[in-house]
Amino acid sequence: MNTFRLDQEFFLDPQRCIGCHACEMACAECETNGQLPMIHVDYVERYSTPQTAVQVCMHCEDPVCARVCPAVAIEKDEFGVVHSAKTDRCIACSNCVNACPFGVPRKIEPMDLMMKCNLCYDRTSAGKRPMCATVCPSGALFYGTREEMSRMRPNSSPVNTFRFGKQTVKTRVNIMMPLGATVLVVDADE
Amino acid sequence: MATLPATAETLIARFGPTLNFPRPEGIPGRDTPDAVVKTHCCFCGMQCGIKLVVKNNRVVGFEPWEEFPFNGGRLCPKGVQRYLQNDHPDRLMHPLERAPGRGFAPVGWDPAMERVVSEIRRIQSAHGRDAFAMLSGVSLTNEKSYLVGKFARVALRTRNLDYNGRLCMVSAGAGNKKAFGLDRASNNFSDLARAEVVMVCGANVSETFPTLTHWIWQARDNGGRLIVVDPRLTPIARTADLHLPVRPGRDSALYGAILHQLIKHDWLDHDFIANHTTDFDQACEAVADYDLAWAERVTGIPQAKVLQAAEMWGPARTSFLLHARGIEHQSKGVENVLSCINLVLATGRIGRPYCGYATITGQGNGQGGREHGHKCDQLPGNRDIENLEHRRYISQVWGIGEGDLPGKGLTAYELMEAIHRGEIRGLLSICFNPLVSLPNSAMIREALDKLEFYVAIDFFLNETARHADIVLAGSLHEEEDGTVTTAEGRVTRIRKAINPPGDARTDTSILLELADRLGAGRHFRYQTSEDIFNELRVASRGGTADYFGITYQKIEENMGVFWPCPEEGHPGTPRLWEDRKFKTPDGRAHFHGVAYREPEEVTSDEYPVILTTGRVVSQYLSGSQTRRIGKLVRQYPEPLLEIHPALASRLGIRERELVRVTTRRGAAEFPAQLVETIREDTVFVPYHWPGKKSVNQLTSGHLDPISKIPEFKVCACRLEPTGQTAPSPEESRAWASP
């Protein structure tokens with residue numbers, strides 16, 4: 001029985017990331033991932049700072065990866081989860097890899113297949129939290145209700161609207177921004 | 001003779017370290033486990049709750065234990081990968097005997113035990129009982145720690161027992177006993193959540209205690225401010241409101257200067273000082289001249305920042321001060337700790353909600369292990385081995401005459417020096433890899449070579465155990481029941497998940513059989529770990545670390561119990577000092593006058609740069625376990641020399657160039673990593689690696705005069721570029737360096 005909890009959301013707070021890679025290792029443990037992480041942590045610029053950035057699939061409301069897929073391999077379900085490419089349909093063309101504004105899908109060369117985060121569907125459909133957000137030791141990744149989040153972080157606001165130039169992208173996953181923020185402008189429209 | 005029985009390369013080929021990776025096609029049985037066992041991580045003092053997934057007597061995976069109150073499912077990469085120490089190709093499955101020229105050969109338990117006992121008897125009858133020593137470690141449970149302490153004193157009857165907590169907790173323990181009369185974190189970590197100021201002194205929290213980050217961030221989320229004192233901009237320092245990049249070894253000067261400001265601006269709790277403390281005048285006198293200009297000159301921190309720290313700390317209503325090895329691993333470790341405690345006492349912010357102080361205990365059972373077991377000057381319940389009343393009580397619990405209880409022995413590094421001098425001739429080690437973890441490893445290696453007989457109990461053949469005559473195949477964390485006491489003072493349950501594989505045995509059964517063969521069997525009649533714990537409860541009764549009211553059942557029902565817990569109806573004590581009754585003889589907290597003095601080794605023309613050492617998030621201690629787990633090794637494959645670009649430029653050092661680092665102990669080469677996140681006068685190398693990649697070839701054996709902790713955090717070095725670029729990190733085999 002599917003017990004996906006629609007009241008729970010994913011909150012990403014990259015400034016809290018301590019670069020420990022627990023999320024990647026926990027993600028890779030999932031049997032469907034073949035020991036490959038679907039979440040990625042990288043140094044921003046180690047020369048000047050230990051700041052790391054963590055990127056997980058944002059599960060867009062209108063996922064461009066799915067729109068550009070010529071094989072209709074990527075689907076968004078009724079819970080708003082954008083699933084990884086279906087293995088029997090994906091032709092490894094990399095359209096999704098090139099189109100995603102967040103740089104999430106990756107082509108796995110040996111398997112000739114695109115793979116990305118499916119919000120730990122095996123866990124979330126059973127009412128559990130995604131593995132990465134369960135283990136994250138610093139709260140850079142959190143999965144829970146909006147009420148829990150606003151109680152825990154009274155000085156931040158969740159934002160799920162991103163502006164890339166003229167394009168606005170809305171996502172299921174939130175980024176934590178300073179209190180009152182409503183949109184993250186990635187590329188200002190000149 | 002204890003020289004290596006074969007080349008290091010031969011031993012590595014047979015016994016590892018080998019990298020264990022999970023199989024990409026999946027791990028059989030994970031979907032249909034035989035059991036999912038609630039226990040704790042085997043690594044650091046946070047002791048995060050974790051569930052181990054078991055199939056066919058193997059740990060095949062993990063699940064977060066989301067109900068456990070400290071970590072709520074959160075884990076670091078070491079915790080996520082810890083299951084891979086199980087079912088590992090390097091696991092010792094039977095006892096081994098040195099086979100010169102070949103390495104080690106399997107031997108039966110009976111001849112192995114017989115040999116060990118006859119060598120102990122031979123050495124002790126020829127050279128005295130203290131000529132046979134024991135070294136232990138605090139990855140062991142409370143039960144095993146207690147057993148080791150009793151075994152060494154009652155079965156081996158040697159005074160020379162010490163442990164790897166000597167490299168970890170002893171400065172904090174000594175400082176806490178002087179100031180409070182008791183050695184435990186004063187508060188549990190939930191008191192961080194609403195602290196207005198959190199000061200983190202010499203603790204790389206996000207790499208060494210990643211799951212503590214959450215609690216510190218909670219304080220920030222609630223509007224609290226964070227001060228981090230560290231020579232490097234660590235991941236936690238990056239998020240601080242104020243980072244104080246102290247020159248290594250100058251910590252007590254900084255805290256003295258902050259106290260000077262608290263006094264000057266009258267940011268003091270006069271009532272608390274008058275009613276509950278002593279010797280405030282001495283603390284004041286010691287810092288009378290420590291003005292801001294002096295502080296900047298000594299610590300290298302700009303005056304304005306020192307003042308800002310005092311302004312943040314002084315008037316706050318709530319606060320929490322945390323410290324760890326950064327200030328403790330020094331020849332002034334205890335003084336540094338006392339200078340921090342002075343700041344807590346001066347503001348009276350202790351023993352109330354969100355007013356806290358704690359050292360962050362490093363090892364899994366660093367807290368409980370030192371209270372009940374293997375510290376050379378301590379008896380169970382944190383009793384003093386030189387106190388007649390304490391000796392009488394424990395002798396009675398153990399059923400021996402007080403006169404038969406050995407006295408205080410040598411500390412870990414001093415013990416290796418005594419082996420080097422030929423005074424100690426035999427050694428039994430368990431859970432300790434001194435060849436990697438002690439400083440001045442050339443001396444340690446020479447000492448091992450001088451041993452007449454060395455027996456190691458271990459589950460992997462670590463670098464030190466390669467020198468052994470007999471190796472007894474012991475047990476992993478998940479193979480025995482027990483308890484540990486976390487950095488917060490919370491006693492938790494370690495649950496056995498599987499049996500030792502092959503012919504390996506539990507550490508407990510090995511020690512019990514040795515005790516029996518040594519003729520002390522009647523003192524060691526235990527059927528279960530719980531039997532040992534129940535004796536520990538009695539032995540701790542009336543001591544400062546009183547566990548008498550703690551039972552296995554109570555721990556399980558409450559997900560941990562905080563000591564002191566003197567009676568079965570007692571709920572435990574998450575926060576100390578609410579009653580203001582300190583455990584010092586006069587019942588007051590004690591200030592100490594801390595006059596600044598320099599570290600034992602300062603820079604000179606010959607050695608102009610400060611070398612400091614520490615850890616990385618993907619490795620744990622000497623790496624005996626974590627250098628065998630593939631992904632943890634790949635995350636940070638080799639020790640790098642962190643160096644500021646300005647210093648690198650002056651010396652002509654390029655990124656990834658191999659740099660020769662020389663100290664008075666020796667030289668080693670490390671690839672340079674140019675980062676602006678370290679002081680210009682300091683370089684950093686992490687220490688988890690063996691052989692030629694061990695930075696402990698370079699560190700000094702200078703010890704704190706009270707705690708005898710080595711000064712890992714400060715020595716003087718010279719840097720020389722070699723002109724060679726290091727091979728890519730992927731090619732490094734540092735994890736198994738000979």
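In this predicted model, Asn57(B) is partly exposed, because 14 other C-beta atoms lie within 10 Å. Asn57(B) sits in the loop between strand S2 (49-55) and S3 of chain B. Its phi is near 60 degrees, a positive value in a residue other than glycine. Asn382(B) also has a phi near 60 degrees, again positive in a residue that is not glycine. This residue is found in the loop between strand S14 (378-379) and S15 of chain B. Asn382(B) counts as buried, because 24 C-beta neighbours fall inside 10 Å.

Glu386(B) lies in the loop between strand S15 (383-384) and helix H17 (388-398) of chain B. Glu386(B) has 12 other C-beta atoms within 10 Å and is therefore exposed. Setting aside neighbours within four places in sequence, Glu386(B) contacts Asp377(B), Gly407(B) and Lys408(B). Gly407(B) is 21 residues away along the chain, yet the C-alpha atoms of Glu386(B) and Gly407(B) are separated by 6.5 Å.

One joins Gly16(B) and Pro17(B), with omega about 15 degrees. Pro17(B) belongs to the loop between helix H1 (8-15) and strand S1 (35-40) of chain B. Another joins Trp563(B) and Pro564(B), with omega about 0 degrees. Pro564(B) is placed in the loop between strand S21 (561-562) and strand S22 (589-590) of chain B.

Strand S8 (residues 197-201) of chain B runs parallel to S9(B), and five bridges join the two. Val197(B) has Arg225(B) as its bridge partner in S9(B). S9(B) also pairs with strand S10 (residues 242-244) of chain B, in the parallel sense and over three bridges. There, Val228(B) stands opposite His243(B) of S10(B).

Another open sheet in chain B has seven strands, in the order S5-S4-S18-S17-S16-S6-S7, and its pairing is mixed. Strand S5 (103-106) and strand S7 (161-163) of chain B are the edge strands, each pairing on one side only. From one strand to the next, the twist averages 20 degrees. Strand S6 (residues 132-136) and strand S16 (residues 426-430) of chain B pair in the parallel sense over four bridges. Phe132(B) is opposite Gly426(B) in S16(B).

Helix packing was examined for one pair in chain B. The axes of helix H9 (residues 251-264) of chain B and helix H13 (residues 303-313) of chain B come within 9 Å and cross at roughly 60 degrees. H9(B) and H13(B) are therefore oblique to each other. Their crossing is right-handed. H9(B) contributes Leu254(B), Ala257(B), Ile258(B), Gln261(B) and Leu262(B) to the contact. H13(B) contributes Val306(B), Leu307(B), Ala309(B), Ala310(B) and Trp313(B). By class, this contact has nine nonpolar residues, one polar residue and no charged residues.

The contact between the chains takes 32 residues from chain B and 28 residues from chain A. On the side of chain B that touches chain A, at least two residues each come from strand S3 (58-64), helix H2 (77-81), helix H7 (213-221), helix H8 (235-238) and helix H24 (630-635) of chain B. H7(B) gives the most to this side, with four residues. The residues of this side of chain B divide into 14 nonpolar, eleven polar and seven charged.

Note on methods: Residues are numbered from 1 along each chain as its sequence is written. Chains are lettered from A and ligands numbered from 1 in the order in which they are written. This is a predicted model: local features need pLDDT of at least 70, side-chain atom pairs count only at pLDDT 80 or more; totals for chains, interfaces and linings use all residues. Axes are lines fitted to C-alpha atoms, for helices over the stretch in contact, and angles run from 0 to 180 degrees between N-to-C directions. Angles under 35 degrees count as roughly parallel, over 145 as roughly antiparallel, 65 to 115 as roughly perpendicular and the rest as oblique. A crossing is left-handed if the near helix is turned anticlockwise from the far one by less than a right angle, and right-handed if clockwise. Two residues are in contact if their C-beta atoms, placed from the backbone, lie within 7 Å. Ala, Val, Leu, Ile, Met, Phe, Trp, Tyr, Cys and Pro count as nonpolar, Asp, Glu, Lys and Arg as charged, and the others, Gly among them, as polar. Two strands pair if DSSP finds at least two bridges between them. A residue is buried if 20 or more other C-beta atoms lie within 10 Å of its own, exposed if 12 or fewer, and partly exposed in between; C-beta atoms are placed from the backbone.
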